[in-house]
Amino acid sequence: MNEWLFYELEEIPQAEYLIVGMPDVGLVGLIASTYLVREVKASIVAYLDSRHLPPVIQYHEAKPYPVMRVYRHAEDGKRHLLLVSEVPFNPAGYQSFAGELVEWVKLKGVYRTVLLGGIPTPQRMNLEKPSVYCAGVTESDLKEIERKGLKLFKEGYVSGPYAQILKECFKHSINCVALFAESFLNYPDPGAAAAAILALSSLTGIRVNVEPLLEQEEEIRAKLRETMKRTMEAMQESGKAYEYAIPAMYL
Amino acid sequence: MEEWFEETAREIRREIRRLVREFEELLRPIIDTETGEVEPLYEVLKRPDKVIIRVDLPGVRREDIEVYRTEDRITVRAKMGNPLNLCDIPVYSGCEIRGYRLDLELPPNVDTENIQAFYRKGYLEITLPRRKAYRVKVE
């Protein structure tokens, strides 16, 4: 029996890219994906529910919104989907989430999944422009990363829900690229989110102006203080400490 | 058998302490309704020669930050240039976030006379040097 249910509000067309943003390091994925949805005026087409999600529903302008939603966006004749999760969930749900998401991706004929996230960097305070490292799964992903002049994630561990999605895509030979922007670990980082969006633009061709995001940086940081605390609690159980370890293969 | 019993009792005590901490956290108000202050995000980095307290203070100017210390505590207060009005969210209704307040117990063995504070890009970094260690002659 499925542990994650996809409730589709309208027929979902075949999409070129599925862009995923979840709360994690520096809330990079969450900030980037919610900004993207607003900037490109994407419309909601589906939502997910599961026993692994906390019993939470969000209200915005008097309308209820489930916390994990799928949006659609079309640009230059190409269709894209965006999956936004507003809340972190228990690591016990990562495996089923990744497995069932990848099944859905196959069903919808998505060409490539792109994960937006951060990578904790001790020197973040001294970085004006954070670098973005791209972790691919298939040969096609790696070629595309290089063709677009993006930086490859060559060594190190990835942990948390994105690691599980990358693993599932690897099992099924499905195209997937994770974009990890250098970020603060435990402070909301809109600057890193802007860097991740710019890398996404290079990879997918989706045009987004990140200037308003950078202008709002301090306000976003102040508003996401509580969300960052909840995310840190969830991250403590998600094996994040692995990301600081040097893999034995590197020796 | 006795050892198993003691270990189980220790585990139960640890779990009770964790639950009490979680419950206290839940009851702690998000915002001081009188001053409009919230606790900022922060981290304490312990190094062999110093302790660094890094505090996230978005929306604040350097001149609006106050740092106080006693022998065993440090307090940071900061006023926001533009208060955050979150009146549409019922849990914040009637209040706006006007600033930050952080009150921390200092780690042991720090030199409170030589504290340095540095503010950049919305982050305050307080450096507390460790007290000098004296070498003990080994005979």
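Which residue forms a salt bridge with A:Arg221? The partner is B:Asp56, with the closest N and O atoms 2.7 Å apart. A salt bridge here is a side-chain nitrogen of Lys or Arg within 4 Å of a carboxyl oxygen of Asp or Glu. The rule finds 2 salt bridges across the interface of chain A and chain B.

This is a predicted model, in which local features need pLDDT of at least 70, side-chain atom pairs count only at pLDDT 80 or more, and totals for chains, interfaces and linings use all residues. Residues are numbered from 1 along each chain as its sequence is written, chains are lettered from A and ligands numbered from 1 in the order in which they are written, and side-chain values use heavy atoms, with hydrogens and water left out.

Now the whole interface. Chain A brings 18 residues to the contact and chain B brings 26 residues (contact means heavy atoms within 4.5 Å). About 1800 Å² is buried between them, and carbon and sulfur atoms give 53% of that area. Buried area is the accessible area (1.4 Å probe) that two parts lose on being put together, summed over both. In chain A, the most area is lost by A:Met125, A:Tyr187 and A:Arg225, together 40% of what that side buries.

Turn to α2(A), residues 94–107. Helices are DSSP runs (H or I, at least four residues), numbered from the N terminus. Of its 14 residues, 10 are buried, so α2(A) is largely enclosed by the rest of the structure. Buried means under 20% relative accessible area (1.4 Å probe, protein chains only). Among them are A:Phe97, A:Leu101 and A:Trp104. Just after α2(A), A:Gly109 takes a positive phi of about 65°.

Note on methods: Helices (H or I, at least four residues) and strands (E, at least two) are DSSP runs, numbered from the N terminus. The expected span of a helix is 1.5 Å times one less than its number of residues. Buried means under 20% relative accessible area, exposed over 50%, partly exposed in between (1.4 Å probe, protein chains only).
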